[in-house]
Amino acid sequence: MSDGQSRPEHDGSAGVRELDALVIGAGVSGLYALHRLRGMGLTVRVYDRAGEVGGTWWWNRYPGARVDYPGGPFYCYTFSEELVRAWDWVERQPDQPSVLTYLNHVADTFDLRRDIQLHTTVQSAVFDEAAQRWSVETSDGERISAQFLIAAVGTLSAPNKPDIPGLDDFAGEVFHTGNWPQEERVELAGKRVGVIGTGSSGVQVIPHIAREAEHLTVFQRTPQFALPARNQPLDPELVRDSKENWGEVRRQIREYGRPLHMVPSTRSVHEDSEEERLAVFEDAWQQGGLALRECYRDLLTDPVANGYVSDFVRAKIRETVQDPAVAAKLMPDYYFATKRQVMDEGYFETYNRDDVTLVDLRDEPIETFTADGVRTTEGEYPLDVLVLATGYDAITGALRRINPVGRDGLQLEEKWAAGSRTYLGLSIVGFPNLFMFHGPESPSVMFHQFYGTESQGDWMATCIAHMREHGLATIEPVPEAEAAWGAEVQERANRTLYPQTDSWFTGANMPGKPREFMVYIGGSQYHQHLHELAANGYDGFVFEPARSVAPVTQA
Ligand code: NAP
């Protein structure tokens with residue numbers, strides 16, 4: 001393709017499959033990349049180690065897994081009105097089986113499966129400078145040469161199995177929420193179950209396990225400001241209006257990262273009296289979902305404003321949990337909403353059950369696992385089953401585990417040893433023709449996920465078309481652009497309270513991971529900037545034509 005022509009998929013002679021683009025991951029982004037790039041005549045193939053399409057929605061099938069943000073009818077691709085009209089979500093926050101069914105429907109609608117290879121892990125990816133292409137090997141020994149390597153590996157797909165002494169000696173069953181058994185149902189009735197972790201996954205799974213198990217022990221390190229999700233059936237009028245005016249809804253998503261009826265307030269908390277403020281908080285609490293986080297504009301930037309809303313939520317937890325000693329253990333003390341906001345359905349009420357024990361690991365740290373359970377500094381907790389809701393090596397983990405090797409043998413592990421360095425969160429100096437979806441330093445998890453995917457995928461498609469038109473073989477950012485982008489991402493984050501909290505946004509959840517804020521705050525500006533960049537000649541990138549012609553610099 002470097003000469004503007006697609007090569008056949010097999011060169012026949014060396015048993016190497018030739019592709020224009022190899023996509024890693026068959027989740028939301030990988031499906032879109034395949035649809036978009038194949039639609040412009042490229043040979044594209046998607047590889048995924050899962051047994052079905054769906055990415056995170058295939059892996060996370062623990063009891064209670066559902067979209068925990070007000071999703072439907074908007075938890076969907078936005079690019080095709082036909083697709084929007086053809087699908088009806090039933091609930092505001094669809095459950096995992098519904099989302100997986102939707103993604104399978106998308107795969108069928110666009111006939112994607114014929115170019116998706118499941119049960120196949122990409123094991124290595126090395127940039128071949130002479131060929132100006134990526135050489136990739138898979139777990140089944142296939143070798144592939146691709147001009148473009150597209151990482152659609154997911155932001156929360158590399159599970160974090162904590163390094164707790166004795167964990168491997170535990171004789172019971174162990175499950176990670178992000179790697180829940182696919183075929184068989186996990187039988188918990190009559191069992192003593194332990195859950196480590198009280199993030200979004202833990203908060204979703206805990207009430208379900210409590211209802212099923214003989215006894216549940218929750219091992220909590222950090223209490224959460226969980227908010228009531230108040231999931232409910234979708235308002236049919238909203239669905240109908242949205243479908244009829246999809247162009248307008250899509251415009252709102254592009255501009256605000258969500259439809260207008262979910263847009264944050266522009267009012268400061270300081271404009272209201274205490275009485276007015278509490279009424280606003282109460283109203284938002286009753287609405288559920290993200291309403292409380294969005295009810296004033298300064299809750300995430302002003303420590304005083306954040307203190308008001310933090311106190312409000314702590315009071316709600318105290319009201320809900322009957323035993324004051326248990327309630328005291330559940331009091332969060334970081335800045336409200338500076339970890340990824342957790343939504344709950346009966347989470348705090350779960351601690352009113354006689355068959356649920358809360359262990360505060362700050363008071364009694366785990367000493368070791370034994371064959372029979374857990375021993376903390378204060379006592380023994382016998383267990384039959386352990387659920388690790390311990391999260392992910394987020395945003396960078398999945399790609400780092402593949403560890404692509406770029407120019408001059410540069411490994412991604414080495415490149416990112418002191419922190420992720422990217423240009424626009426989608427490309428990396430030293431790694432030509434490698435594009436990332438939702439990479440570090442992109443808006444990723446802080447913008448409408450499907451729209452963000454489409455925007456980045458469209459940018460990749462436009463860029464590749466530009467390269468074909470001009471006979472260009474490679475694209476790579478220049479170091480100055482990468483450095484300036486990283487500085488802008490940190491500067492934007494530092495205007496908020498987010499970086500002050502230990503979270504997976506900052507890498508603080510993984511021992512040894514460099515601390516940095518990994519998300520670009522300001523999603524709509526990002527997407528606008530991306531497309532202006534494409535229109536104005538790809539400032540900050542350098543292109544190389546096929547070998548023997550001098551490079552064209554556009555930085
Ligand atoms: P998480 O938010 O990172 O939470 C992990 C939990 O495990 C935290 O409570 C953490 O404590 C604890 N933990 C980790 N290592 C530990 C250790 N060694 N000892 C004791 N506790 C430990 O992970 P998650 O709950 O899987 O959620 C990750 C993200 O996935 C969410 O933030 C969200 O973006 C996404 N998600 C989405 C949905 C949805 O939409 N339906 C559902 C689930 C998850 P610390 O807080 O002290 O680190």
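1. Tyr347 is buried, and so is Tyr351, where buried means under 20% relative accessible area, exposed over 50% and partly exposed in between, with a 1.4 Å probe and protein chains only. This is a predicted model, in which local features need pLDDT of at least 70 and side-chain atom pairs count only at pLDDT 80 or more, while totals for chains, interfaces and linings use all residues. Residues are numbered from 1 along each chain as its sequence is written, and side-chain values use heavy atoms, with hydrogens and water left out.

2. The structure holds 39 aromatic pairs; rings of Phe, Tyr and Trp (for Trp, its six-membered ring) pair if their centres lie within 6.5 Å, and planes under 30 degrees apart count as stacked, over 60 as edge-to-face and the rest as tilted. Tyr347 and Tyr351 form an edge-to-face pair, with 5.2 Å from centre to centre and 90° between the planes. Phe175 and Trp180 form a tilted pair, at 5.4 Å centre to centre and 45° between the planes, and both of these residues are buried.

3. One aromatic cluster includes Tyr32, Trp57, Tyr75 and Phe450.

4. The charged end of Arg277 sits over the ring of Tyr308, 3.5 Å from its centre, and that of Lys339 sits over the ring of Tyr334, 5.6 Å from its centre; the rule asks for NZ of Lys or CZ of Arg within 6 Å of the ring centre and within 35 degrees of the ring normal.

5. The secondary structure of the chain comes to 17 helices and 20 strands, which are DSSP runs numbered from the N terminus (helices: H or I, at least four residues; strands: E, at least two). Among the strands, 3 form an open antiparallel sheet in the order S13-S14-S15, and its edge strands, S13 (366–369) and S15 (380–382), each pair on one side only. Two strands pair if DSSP finds at least two bridges between them; here 3 bridges join S13 to S14 (residues 373–376), and Phe369 stands opposite Val374 in S14.

6. For the chain as a whole, 59% of the 555 residues count as buried, and the C-alpha trace spans about 75 × 55 × 45 Å along its principal axes. The radius of gyration, taken over C-alpha atoms, is 24 Å, which agrees with the value near 24 Å for a compact globule of 555 residues, the globule rule being 2.2 Å times the number of residues to the power 0.38.
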